[in-house]
Amino acid sequence: MASSLRGEVLNLYKNLLYLGREYPKGADYFRSRLKAAFLKNKDVKDPEKIKQLIARGEFVIKELEALYFLRKYRALKQRYYSDGNK
């Protein structure tokens, strides 16, 4: 694997690990699933396949951010609006 791709993969792992701290099922659950996903693809050598996997990981990051934003929005909405004003 090229060193530039290796760095991208490590950054992706670190970013996902950081985002996983707030995962609804718990950080340990997320960490174990993340590690399993990365270990499953550890033998991939094709740069194009690695780029596809990185793109998939970036998509997961966007989905997690959307999940957290939605959860925050719902919590704020519950605080400021009563049940009758939905």
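Predicted model: local features only at pLDDT ≥ 70, side-chain atom pairs only at ≥ 80, totals over all residues.
**Overall form**

The secondary structure of the chain comes to 3 helices and 0 strands, and the elements follow one another from the N terminus as α-α-α. The radius of gyration is 17 Å, well over the 12 Å that the globule rule gives for 86 residues, so the chain is more spread out than a compact globule. Taken along the principal axes, the box filled by the C-alpha atoms has dimensions of roughly 55 × 25 × 15 Å.

Of the 86 residues in the chain, 16% are buried. The accessible surface comes to about 7,200 Å², and carbon and sulfur atoms account for 53% of that area. When contacts in the chain between residues at least 6 apart in sequence are considered, 67% of them join residues at least 24 apart.

**Salt bridges**

Side chains of opposite charge can pair when their charged atoms come close.

| Salt bridge | N to O distance |
|---|---|
| Arg-71 and Glu-22 | 3.8 Å |
| Arg-31 and Asp-28 | 2.8 Å |

The side chains of Arg-71 and Glu-22 meet at 3.8 Å, N to O. Because Arg-71 lies in helix H3 and Glu-22 in the loop between helix H1 (3–19) and H2, this pair ties together parts that are 49 residues apart in sequence. Arg-71 is partly exposed, with a relative accessible area of 39%, and Glu-22 also counts as partly exposed, at 43% relative accessibility.

The salt bridge of Arg-31 with Asp-28, whose closest N and O atoms are 2.8 Å apart, has both of its residues in helix H2, where they are 3 residues apart, about one turn of the helix. Arg-31 has a relative accessibility of 39% and therefore counts as partly exposed, while Asp-28, at 56%, counts as exposed.

Phe-69, Leu-70 and Tyr-73 form a nonpolar patch on the surface, and together they have about 340 Å² of accessible area. Tyr-73, one of the residues of this patch, is placed in helix H3, and its relative accessibility of 46% makes it partly exposed.

Val-60 is likewise found in helix H3, which covers residues 47–80. With a relative accessibility of 34%, Val-60 counts as partly exposed. Between the C-alpha atoms of Val-60 and Lys-49, which are 11 residues apart along the chain, the separation is 17 Å.

**The loop between H2 and H3**

Asn-41 is located in the loop that lies between helix H2 (27–40) and H3. A polar atom of the Asn-41 side chain lies 3.2 Å from the backbone oxygen of Ala-37. The C-alpha atom of Asn-41 is separated by 16 Å from that of Leu-16, and these two residues are 25 apart along the chain.

Definitions and conventions. Residues numbered from 1 in each chain as written. Heavy atoms only, no water. Helix = DSSP H or I, 4+ residues; strand = E, 2+ residues; numbered from the N terminus. Buried < 20%, exposed > 50% of the residue type's maximum accessible area, 1.4 Å probe, protein only. Patch = residues over 30% accessible without salt bridge, like charges linked within 9 Å, V, L, I, M, F, W, Y side chains within 5 Å. Areas by Shrake-Rupley, 256 points an atom, 1.4 Å probe, with all protein chains shown as cover. Salt bridge = Lys/Arg side-chain N within 4 Å of Asp/Glu carboxyl O. Rg over C-alpha atoms; globule rule 2.2 N^0.38 Å. Contact = heavy atoms within 4.5 Å. Polar contact = N/O pair within 3.5 Å; in protein donor to acceptor, adjacent residues only side chain to side chain.
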